[in-house]
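Me: Could you walk me through this one, a question at a time?

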2 protein chains.
Amino acid sequence: MPSRFELANAIRALSMDAVQKAKSGHPGAPMGMADIAEVLWNDYLKHNPANPHWADRDRFVMSNGHGSMLHYSLLHLTGYELALEDLQQFRQLHSKTPGHPELGYTPGVETTTGPLGQGLANAVGMALAERTLAAQFNRPGHNIVDHYSYVFLGDGCLMEGVSHEACSLAGTQGLGKLIAFYDSNGISIDGEIEGWFTDDTAKRFEAYGWHVVPNVDGHKPEEIKAAIELARSHDDRPSLIICNTIIGFGAPNKQGSEEAHGAPLGDDEVAAARDQLGWHHAPFHVPEDIYQGWDASARGSQAENDWNARFERYQAAHPELASELKRRLKGELPVELKGEKLIEEAQQNGENIASRKASLTCLNELGPSLPELLGGSADLAPSNLTFWKGARAISRDRHDGNYLHYGVREFGMGAIMNGIAAHGGFIAYGATFLTFMEYMHNAIRMAALMNQQAIYVFTHDSIGLGEDGPTHQPIEQLNALRCTPNLSTWRPADAVETAAAWHAALKRRGAPTALVLSRQNLPHQQRDRQQLAAIQRGGYVLKDSDAPAEAILIATGSEVGLAMDAAAALEAKGKSVRVVSMPSTDVFDAQDAAYRESVLPAAITQRVAIEASHRAYWHKYVGLTGRIVGMSGFGESAPAGDLFKHFGFTVDNVVEQVEQLLEEAVA
Amino acid sequence: MPSRFELANAIRALSMDAVQKAKSGHPGAPMGMADIAEVLWNDYLKHNPANPHWADRDRFVMSNGHGSMLHYSLLHLTGYELALEDLQQFRQLHSKTPGHPELGYTPGVETTTGPLGQGLANAVGMALAERTLAAQFNRPGHNIVDHYSYVFLGDGCLMEGVSHEACSLAGTQGLGKLIAFYDSNGISIDGEIEGWFTDDTAKRFEAYGWHVVPNVDGHKPEEIKAAIELARSHDDRPSLIICNTIIGFGAPNKQGSEEAHGAPLGDDEVAAARDQLGWHHAPFHVPEDIYQGWDASARGSQAENDWNARFERYQAAHPELASELKRRLKGELPVELKGEKLIEEAQQNGENIASRKASLTCLNELGPSLPELLGGSADLAPSNLTFWKGARAISRDRHDGNYLHYGVREFGMGAIMNGIAAHGGFIAYGATFLTFMEYMHNAIRMAALMNQQAIYVFTHDSIGLGEDGPTHQPIEQLNALRCTPNLSTWRPADAVETAAAWHAALKRRGAPTALVLSRQNLPHQQRDRQQLAAIQRGGYVLKDSDAPAEAILIATGSEVGLAMDAAAALEAKGKSVRVVSMPSTDVFDAQDAAYRESVLPAAITQRVAIEASHRAYWHKYVGLTGRIVGMSGFGESAPAGDLFKHFGFTVDNVVEQVEQLLEEAVA
């Protein structure tokens with residue numbers, strides 16, 4: 001039987017070999033954390049390599065995602081469908097082993113990491129999801145949801161602000177089954193961290209209410225094991241195990257220095273490391289006894305079989321709960337989702353309300369039949385209107401709620417939502433002001449990259465928020481969202497479109513959606529049945545002219561009412577004008593060409609786009625010759641009405657733009 | 001002589017009156033922090049209301065910027081040019097008293113705040129700037145730069161991740177003249193914070209290496225005074241004074257609750273508060289003895305006169321230093337700035353190098369004559385190539401450097417740069433990978449909003465970074481930058497354009513610039529003198545056809561080389577093609593119509609834009625009918641060459657796009 005050190009060296013060898021072959025990558029973290037990983041994976045991690053999707057597996061996250069070869073080595077060695085050939089394809093196009101762990105590319109990778117700090121926050125979300133799901137579904141004698149969330153992280157993760165946001169909240173929530181391993185190696189890319197990072201991290205995490213195991217030798221398995229035992233014995237608080245390690249451990253000339261971090265060691269140093277470690281095997285060769293020492297297949301399938309048996313007993317005792325849990329874990333929406341009915345009702349009700357208010361109505365109507373909703377706001381619940389009538393806050397004393405008071409932590413919220421989504425069993429929504437989506441943009445991007453459902457409720461969506469002024473008035477944000485791949489963005493014009501937006505967001509199970517909502521009231525728009533159905537195509541003709549249209553007004557959200565008023569004024573002047581409401585440009589763009597042509601005929605080039613956001617995006621629909629009534633600079637602090645007037649969002653201005661355009665066309 | 005309590009009540013009364021009159025705003029923080037402000041401003045703050053720009057004034061920042069009426073009240077009461085009428089115009093269009101403090105709107109406001117956490121980070125930047133400037137210019141017997149930076153902050157600031165980044169670095173740097181006052185009132189917008197914020201903040205800041213004065217009664221002047229004395233006595237570490245306060249202090253029915261936070265108290269409660277406080281004066285009326293108690297004019301002008309006298313002695317002893325300090329404080333560039341020479345040299349050298357490498361060359365060439373450069377990177381110096389040959393790291397032991405190792409703290413870096421810029425005396429540049437501009441976008445926005453110079457060095461600007469994969473490959477980032485008002489964005493095509501970009505960034509004294517640079521080598525382009533000069537117009541004809549152009553290729557950065565190759569291939573096929581290099585769309589857009597027409601003639605509608613970034617932006621230049629060779633989804637992990645091919649950035653594809661376009665035009 002190989003020693004623990006020999007088992008760990010398999011990780012070191014595979015990692016340095018793969019980085020060497022790829023001619024790029026990060027050997028330092030895998031070689032430094034190999035001993036920690038060996039103890040955790042061989043002695044504790046509950047997982048089944050044959051089924052990476054087993055619902056009750058422990059979650060493992062590498063927040064220091066550049067050390068991906070550590071994770072790939074572990075998956076390969078313990079028996080996942082990840083062959084040596086896959087490791088040899090490290091960092092190559094369409095391989096299962098991309099440069100950073102990517103969800104969906106590699107069996108066993110739980111979340112995409114690389115942007116530092118976010119993996120840690122994802123793990124907080126996973127632990128929150130586990131505890132909440134357990135509280136909702138476990139019953140006496142039936143601990144059917146019961147797993148740990150483990151996360152590896154480095155100095156970089158701890159410097160990032162998102163680590164503060166997520167870990168502060170994890171402490172307040174008392175997430176006892178979250179266990180973090182800090183790879184304290186004293187090195188970051190610029191060199192020895194003492195020049196820029198001197199936190200007393202133990203003290204910092206104690207200040208968050210965490211249980212801290214400090215000063216563990218990350219190369220001594222018995223110390224690591226004792227620390228994990230301690231961490232697991234504290235079930236009222238998350239644990240941080242601070243492991244002192246040597247980056248690039250085993251590479252005699254580069255270990256302990258930033259040279260080991262992010263570049264191949266070089267053939268000579270790889271050979272020297274083999275000598276130093278006593279690993280006398282060819283590149284990518286792992287002896288059979290080492291494989292046997294790592295193989296988790298038997299233990300894994302035994303564990304899952306045990307769980308399946310327990311689930312059967314649970315199912316017998318609580319058939320409805322069991323069936324509901326299955327539905328939740330599969331990510332199926334309930335049969336009775338009443339989204340379309342809601343759209344029709346809103347059309348009938350005809351209310352002139354703010355779209356944030358309409359969103360609350362949606363939550364109140366949809367919420368009771370959507371127990372998987374896990375809501376929240378970054379301390380703006382009374383403004384975002386996200387705390388619906390069935391919302392119950394989750395706290396360290398109350399685990400079975402469905403709402404998180406995230407505190408003023410936008411980025412943490414976004415990254416925690418990703419962890420919740422990656423865990424499964426929930427649909428997470430989270431809210432802040434649209435401007436502050438910038439605090440969390442990279443977490444939104446990560447949801448999109450990971451194909452995870454997350455619903456963002458971004459209220460106060462323009463200068464229409466008024467007096468709080470330019471710091472709070474979004475300008476560039478909408479376009480930043482629209483240019484984020486795989487994100488769907490909706491800016492509804494009234495309560496009806498808001499219901500359609502929520503419906504679309506809920507149905508979009510494999511990707512995130514941003515709902516961009518007004519603070520101020522919006523006028524209700526009349527629609528026939530066909531128009532009502534067309535909302536879900538992202539853009540549609542809200543008002544057509546009797547005669548063939550001379551010009552098209554395209555608007556979104558709060559500017560649709562303005563477009564309608566301007567069209568009426570133009571009509572009174574004898575002009576034939578079409579109004580297109582375009583709540584979601586990405587959904588509209590995804591329609592077939594015939595539909596798009598029916599809404600925006602290529603022949604009608606006299607077009608004016610109206611949106612109280614940055615102008616630049618709208619050239620996509622009005623081209624080089626159309627007009628855009630939009631913003632190009634920052635807003636101001638003043639009542640909303642004054643601002644719309646000041647910045648030209650008036651019937652007079654829109655009418656003038658159209659008239660000028662029509663005159664130019666004639667000239 | 002009025003009591004301290006009466007003096008403080010003037011703030012409370014003005015704040016609740018102004019919020020009431022504006023029908024919106026935040027009375028809670030001003031009423032809660034009035035006593036702290038009274039002690040700080042009347043007993044300690046070194047400032048001259050007659051000259052808000054006096055270089056050696058103490059800096060005062062309200063990081064909890066929603067409490068702006070506190071600051072406005074202080075400025076009004078102590079004698080700044082801010083009349084009662086201005087307070088009565090609170091939150092109205094074009095007033096001097098916007099909803100949140102805005103730099104440039106109100107004399108005495110040092111930075112724009114509102115987006116939580118950033119004011120605190122700005123103050124860290126101010127303290128860093130002060131200490132660095134002092135180290136560079138003070139001489140024995142001449143402490144000519146010597147002031148404090150004070151910052152007020154609330155629970156929200158402390159929940160935000162950026163507070164962690166900035167305060168961790170402030171602790172490492174040992175910024176002894178930074179003193180922060182935490183308004184610990186236990187309330188945030190969602191209610192009592194114990195459900196979402198239970199940090200032991202004293203312990204947290206001790207972990208950062210701060211000196212903490214805990215448990216101060218924020219309504220007892222003698223306790224506040226003792227705390228400030230303690231804080232000032234610790235000159236090796238920043239100090240945090242934790243003040244326990246009651247939000248909305250004095251409003252009998254709303255104080256201590258979130259109801260006092262962000263809405264007018266209402267007429268009845270304002271009246272009740274007047275009773276409770278014993279403030280029996282009409283709205284906006286401040287008795288003369290209260291004004292006298294606050295008036296800082298005499299003390300302020302005395303302080304500045306003393307400093308002027310000391311500066312004269314300094315000038316006599318160190319004339320060159322004094323003249324250089326004056327230049328630096330005025331923000332004038334040195335006469336010998338060799339930017340244009342650098343552009344010409346780069347053209348002559350004709351190197352095929354990465355633009356990040358060309359940027360390092362610029363720093364090495366420009367740096368020696370720009371002592372105001374204060375550089376840095378968020379732990380990516382070896383990748384961003386920002387640590388030029390004259391760079392010297394600033395540390396707690398070495399104050400006179402010119403480079404900050406910011407650590408992995410992008411947002412903190414951005415907000416600290418804003419504080420450095422607002423302080424004066426420096427030109428700050430800071431670097432990270434382009435993708436991670438999302439971690440710091442709102443700080444970039446704040447620089448733009450505040451008209452502050454900051455230079456962002458964003459390297460690894462596309463899929464061209466290769467193996468690190470989609471988490472590191474920017475897609476939406478360029479457009480997000482381009483849609484941020486008042487930000488100038490450059491994506492240079494070679495070393496020559498990189499020099500032009502640096503030159504433009506340095507000359508843009510009143511606004512920020514983003515330099516978007518490649519990881520990989522870029523081919524040098526030939527230019528005649530006219531073309532060389534035209535780079536500074538943002539877009540120019542890099543290659544024209546002999547015959548009138550049938551089509552225009554527009555490209556930026558690493559895709560300009562591709563456009564040139566494609567143009568050559570098309571020419572070989574008998575097509576006449578123009579290539580436009582467009583390193584800065586905002587600079588190009590700012591040119592006169594005749595110039596723009598000369599580059600992109602309206603008559604030539606057959607246009608293809610090429611940029612390895614999100615496609616959407618380019619409709620602005622190719623309209624509805626042109627083609628865009630760009631990205632619409634995320635990248636992949638693979639060698640750069642494989643990726644450019646995979647995503648269609650090839651001569652063949654560009655040629656095909658142009659040919660199709662020309663065929664359509666004929667058809």
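Reply: Helices (H or I, at least four residues) are DSSP runs numbered from the N terminus. It's a predicted model, where local features need pLDDT of at least 70 and side-chain atom pairs count only at pLDDT 80 or more, while totals for chains, interfaces and linings use all residues. Residues are numbered from 1 along each chain, chains are lettered from A, and side-chain values use heavy atoms, without hydrogens and water.

Me: What do the buried residues of helix 10 of chain B pack against?

Reply: Helix 10 (residues 267–277) of chain B buries B:Glu269, B:Val270, B:Ala273, B:Arg274 and B:Leu277. They sit on the same side of the helix because they cover an arc of only 150 degrees around the axis (taken from the directions from the axis to the C-beta atoms). On the other side, B:Asp267, B:Asp268 and B:Asp275 are exposed. With contact meaning heavy atoms within 4.5 Å, the buried set packs against helix 1 (4–22) of chain B.

Me: Which residue of chain A meets B:Glu476 in a salt bridge?

Reply: A salt bridge here is a side-chain nitrogen of Lys or Arg within 4 Å of a carboxyl oxygen of Asp or Glu. Between chain A and chain B the count is 6. Helix 18 (residues 437–449) of chain A gives the largest share of the side touching chain B, 8 residues. At 2.9 Å, N to O, the partner of B:Glu476 is A:Arg445.

Definitions and conventions:
Buried < 20%, exposed > 50% of the residue type's maximum accessible area, 1.4 Å probe, protein only. Helix = DSSP H or I, 4+ residues; strand = E, 2+ residues; numbered from the N terminus.
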